[in-house]
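Welcome to this short tour. Take a moment with the sequence and the model before reading on, and then we will walk through it together.

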Amino acid sequence: MTRIAAVQGVLPRHRYEQGEVRDALLAMGLVREERRQVFDRLHTGSTVRTRRLALPLERYGTLGGFGEANDSFIEVAMDLGEEAVRTALDEAGLHARDVDLVISTSVTGIAAPSIEARLAGCLGLRPDVKRVPVFGLGCVGGAAGLARLHDYLDGRPDQVAVLLSVELCSLTLQRSDDSAANMVAGSLFGDGAAAVVAVGRDHPGGRGGGPVVVATRSRLYPDTERLLGWDIGDEGFRIVLGSDLPGLVERHLGPEVRSFLADHDLKTQDVTAWVCHPGGPKVLEAVRDTLDLPARALELSWRSLAEVGNLSSASVLHILRDTLALRRPLAGTPGLVVAMGPGFCSELVLLRW
């Protein structure tokens, strides 16, 4: 089985209260006056209190377009990505030269060479390191990346693999779009990065104290392609966000999770830690209701949403780190990583602590 040797989350240094972000977006002319009440209500209802941003808040009003925003993405992603991987490797007691595979995921910027390739030299990765840069998974990327690490290490049990997620959602800001979807995005998303170091069952580091990955499940739901994602145009990434997202979660996630757990002779009440992506308050409420969870089960997801917002693929990894640091479930008990993203799809990763 794959063992998670370390998880680290990193945030940009620019920290703002939710009200500061709201006022800055208004000053940029994001919202027409007749839509101001809706905008204010979305920011209040998001439950987000603070966010970290890739750039100082005043810079967003002067970004010249997609090219300039993407250049900023690469620059900041390099800094955050290097810090995340270095600190995760240090925590795991491993060196960059030990790494056999790096999977990197992001849906908020484009880089070729990809971010992990640009970082290889300064991190000290071997020239023969295998790389899999992934674009398009969105919020599900953290859980899906963890599952793909497991797939790789299951067949190479003596090796080491790293997952890097960098999401700078603020750099996708569309200043000329006052659609409901863009206003929701402006109220929810923040910036951050995370890294996971995992080892195969035969690696010496595999006998450490982190949880093991027992099994994974991926699921695409038909006829939901326009529910979540991007429309990409001259100004960059314009969000697609369907209003039925919580309803889809309520209809499909419960049966999916229960079926997956049943395959391993488990029920929802057996799970001692729920590591759930915080898509937004309505999504978290839908997850709680469809799985009939106690209020405390998603406490760390709610806290992460309040403190840093939705970090897309990095969020679930930040919550996994917090679970390891703050909750530390009983040894031998099951945990479940849950995330949803464009496709529309879900990804489940069963852990054993």
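Two residues are said to be in contact when heavy atoms of theirs lie within 4.5 Å. Setting aside neighbours within four places in sequence, Tyr 152 makes contact with Asp 100, Leu 101, Lys 130, Gln 159 and Ala 161. This tyrosine belongs to helix α5. Is Tyr 152 buried or exposed? Its relative accessibility is 10%, and because buried means under 20%, Tyr 152 counts as buried. Gly 141 is 11 residues away from Tyr 152 in sequence, and their C-alpha atoms are 16 Å apart in space. Please keep in mind throughout that this is a predicted model.

**The whole chain**

Now let us step back. The protein chain holds 10 helices and 13 strands. Its radius of gyration is 19 Å, close to the 20 Å that the globule rule gives for 353 residues, so the chain is as compact as a globular protein of that length. Along its principal axes, the C-alpha trace spans about 60 × 45 × 35 Å.

How many of the 353 residues count as buried? The share is 59%. The chain exposes about 14,500 Å², and carbon and sulfur atoms supply 49% of that area. Contacts tell us about the fold too: among those with a separation of 6 or more, 80% join residues 24 or more positions apart.

**An annotated stretch and an annotated site**

UniProt, in an unreviewed entry, places the feature "domain: Chalcone/stilbene synthase N-terminal" at residues 5–200. In the model this span is 41% helix and 22% strand, and its end C-alpha atoms lie 10 Å apart.

Which residue does UniProt list for "active site"? The unreviewed entry gives Cys 139. In the model, Cys 139 sits in the loop between β5 (130–135) and α5 (141–155). At 10% relative accessibility, Cys 139 counts as buried. Not counting residues up to four places away in sequence, Cys 139 touches Phe 189, His 277, Asn 310, Ser 312, Ser 313, Ala 339, Met 340 and Pro 342.

Thr 105 has a relative accessible area of 5%, so it is buried.

Ala 69 takes us to helix α3 (residues 66–92). With 8% relative accessibility, Ala 69 counts as buried. Leaving aside neighbours within four places in sequence, Ala 69 is in contact with Leu 63 and Leu 171. Where does Ser 170 lie in relation to Ala 69? The two are 101 residues apart along the chain, yet their C-alpha atoms are separated by 9.4 Å.

| Residue | Relative accessible area |
|---|---|
| Thr 105 | 5% |
| Ala 69 | 8% |
| Cys 139 | 10% |
| Tyr 152 | 10% |

**Backbone details worth a look**

The bond from Ala 112 to Pro 113 is cis, with omega near 5 degrees, and Pro 113 lies in the loop between β4 and α4 (115–123). The bond from Gly 343 to Phe 344 is also cis, with omega near -15 degrees. Phe 344 lies in the loop between β12 (334–341) and β13 (345–352).

Which phi values are positive in residues other than glycine? One belongs to Thr 47, with phi near 70 degrees. Thr 47 is placed in the loop between α2 (36–45) and β3 (50–53), and at 33% relative accessibility it counts as partly exposed. Arg 328, also not a glycine, has a positive phi of about 40 degrees. The loop between α10 (315–327) and β12 holds Arg 328, which is partly exposed with a relative accessible area of 47%.

Note on methods. Residues numbered from 1 in each chain as written. Predicted model: local features only at pLDDT ≥ 70, side-chain atom pairs only at ≥ 80, totals over all residues. Heavy atoms only, no water. Helix = DSSP H or I, 4+ residues; strand = E, 2+ residues; numbered from the N terminus. Rg over C-alpha atoms; globule rule 2.2 N^0.38 Å. Buried < 20%, exposed > 50% of the residue type's maximum accessible area, 1.4 Å probe, protein only. Areas by Shrake-Rupley, 256 points an atom, 1.4 Å probe, with all protein chains shown as cover. UniProt positions renumbered as here; feature names shortened; annotations may be inferred.
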